[in-house]
Amino acid sequence: MWSPSNIPGHFAEDRTKSMLLPPEQFAAPPESLSEKMFIERSLTENKFWLRIMKEHALFLGEGMDRNDKDLIQQTERFYYYFEQQEKRAHQTPESVEAVRKLNEDSIQLVYGFRNFKRNLLIMIINCKVRGFNFPLLVDHIAREAEYFMNSLQKFNNGILEPIQDAIIHENVFWLRIMMEHSRFIASLLDPSERNLVNTARKFGDDFETLLNQARDVESMLCHKKPTYPIIGKMNKDSESATEELRNFKKAGLELIKNCQIRNIINPLLADHVLREAEHFLFMIRVLEERLKQKQKENI
């Protein structure tokens, strides 16, 4: 990595040689997190993700071979631990100290579950465990655990990423999640549901395109001087696509509940992926507000 100390003095002092300076030098600095935002964001993420983690434990257990009793019992224990931590999150006083402790305890709990998922994935890939848990599904939910932990750690450190980097990282993470949801849905619908299968696959392809574009922007602009118009457009494109997918998931959930389509999708799983799409939309709007505020400051 280049740093100012790597630049010969006569280059650094000569303004005409500015093209030799590392562009990372002009990146926006991290932003501080107010106490109010720390409490609001921490509680929101805990309430959302602890329920998601609890349901991951349920889905993993349901997808295991019945002979893997020890692994199934571990998922049941995780379900209980996350259920208790979720209840705690809804009862936590809105004080910095109480929320910080909640975050710390959630990080420890999720870290153990993340490790369980990662070790289970290796066992599945090496054919040591059978069942119906796709390797990509286990990787998918392990990434979600890592995202949750990292978010809480940033909150406890009192730091917000610069808005440009935050938008890039959130989009790269969530667009992949939405792409994989679409493809999981296609694989769990009965093949005779041709129109729905094709629609789900089309969503997967569309989100893969958006994901690749976001990764290109990450390569070009992450940790660089802010380029807000490009970043804002990327966020808007993600919002439009996710609203369409959210509506598809919502309609699908109703069809599943009313036994109107042929599938092997647990209604709770259908609701689970719908809530994740809604949370991505929530995050997009949080970021849009921060972006608007930053653009006003630069006028």
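Which helix gives the largest share of the lining of the largest pocket? I started my notes there, keeping in mind that this is a predicted model.

**Entry 1: the pocket**

I looked up the lining and found that H8 supplies the largest share, six residues. The volume of this largest pocket comes out at about 700 Å³. I count 33 lining residues on record for it, and those closest to the centre are Leu188, Ile264, Ile265, Asn266 and Leu269.

**Entry 2: Leu255 in H8**

While on H8, I checked leucine 255, which sits in that helix. Is leucine 255 buried or partly exposed? I get a relative accessible area of 27%, so leucine 255 falls in the partly exposed class. Setting aside neighbours within four places in sequence, I find leucine 255 in contact with Gln260 and Ile261. I also took a C-alpha distance across to proline 267, 12 residues along the chain from leucine 255, and got 9.7 Å.

**Entry 3: the nonpolar core**

Next I went to the largest nonpolar core, which has 81 residues. Which of its members touch the most others? They are Met53, Trp174 and Phe207. I then listed the elements giving two or more residues to this core: helix H2 (35–62), helix H3 (69–91), H4, H5, H6, H7, helix H8 (228–257) and helix H9 (267–297). H6 gives the most, with 13 residues. A reminder to myself: in soluble globular proteins, nonpolar side chains tend to be buried together.

I followed up on methionine 53. Beyond its neighbours within four places in sequence, methionine 53 is in contact with Phe82, Val110, Phe113, Lys117, Glu144, Ala145 and Phe148.

**Entry 4: H7**

Phe207 took me to H7, where Phe207 is one of the buried residues. I noted the other buried ones too: Val197, Ala200, Phe203, Gly204, Leu210, Leu211, Ala214, Val217 and Leu221. What do the buried residues of H7 pack against? I find H6 and H8.

H7 has 28 residues, and its first and last C-alpha atoms are 40 Å apart, close to the 40 Å expected at 1.5 Å a residue. After H7 comes histidine 223, with a positive phi near 60°.

**Entry 5: H5**

H5 is mostly covered, with 16 of its 22 residues buried. Just after H5, I came across glycine 158 with a positive phi of about 70°.

**Entry 6: salt bridges**

How many salt bridges does the structure hold? I have 30. The general idea is that side chains of opposite charge can pair when their charged atoms come close.

I picked out arginine 118 and glutamate 146, whose side chains meet in a salt bridge at 3.1 Å, N to O. Arginine 118 is in helix H4 (residues 96–125) and glutamate 146 in helix H5 (residues 135–156), so this pair ties together parts 28 residues apart in sequence. Glutamate 146 is buried, at 17% relative accessible area, and the cut-off for that class is under 20%. I also see both residues in a network of salt bridges that links Arg114, Arg118, Asp139, Arg143, Glu146, Arg176 and Glu180.

The next pair I looked at was aspartate 205 with arginine 183, a salt bridge with its closest N and O atoms 3.0 Å apart. Aspartate 205 lies in helix H7 (residues 194–221) and arginine 183 in helix H6 (residues 163–188), so parts 22 residues apart in sequence are tied together. I get partly exposed for aspartate 205, at 42%, and partly exposed for arginine 183, at 32%.

I noted one further pair, glutamate 161 with lysine 154, at 3.6 Å between the closest N and O atoms. Lysine 154 is partly exposed, with a relative accessible area of 39%.

**Entry 7: Pro22**

Last, I looked up proline 22, found in the loop between helix H1 (9–13) and strand E1 (31–32). Proline 22 is buried, at 8% relative accessible area. How far from lysine 224 is proline 22 in space, C-alpha to C-alpha? I get 9.1 Å, although the two are 202 residues apart in sequence.

Definitions and conventions:
Residues are numbered from 1 along each chain as its sequence is written. This is a predicted model: local features need pLDDT of at least 70, side-chain atom pairs count only at pLDDT 80 or more; totals for chains, interfaces and linings use all residues. Side-chain values use heavy atoms; hydrogens and water are left out. A salt bridge is a side-chain nitrogen of Lys or Arg within 4 Å of a carboxyl oxygen of Asp or Glu. Helices (H or I, at least four residues) and strands (E, at least two) are DSSP runs, numbered from the N terminus. Buried means under 20% relative accessible area, exposed over 50%, partly exposed in between (1.4 Å probe, protein chains only). A nonpolar core is a set of buried Ala, Val, Leu, Ile, Met, Phe, Trp, Tyr and Cys residues joined through side-chain atoms within 4.5 Å. Contact means heavy atoms within 4.5 Å. On a 1 Å grid over the protein atoms alone, a cavity is a set of points where a 1.4 Å probe fits but cannot get out, and a pocket is an open set with protein on both sides within 12 Å along at least five of seven lines; lining residues have an atom within 4 Å of a point. Grid points are joined across faces, edges and corners, and a volume is the space filled by probe spheres set on the points. The expected span of a helix is 1.5 Å times one less than its number of residues.
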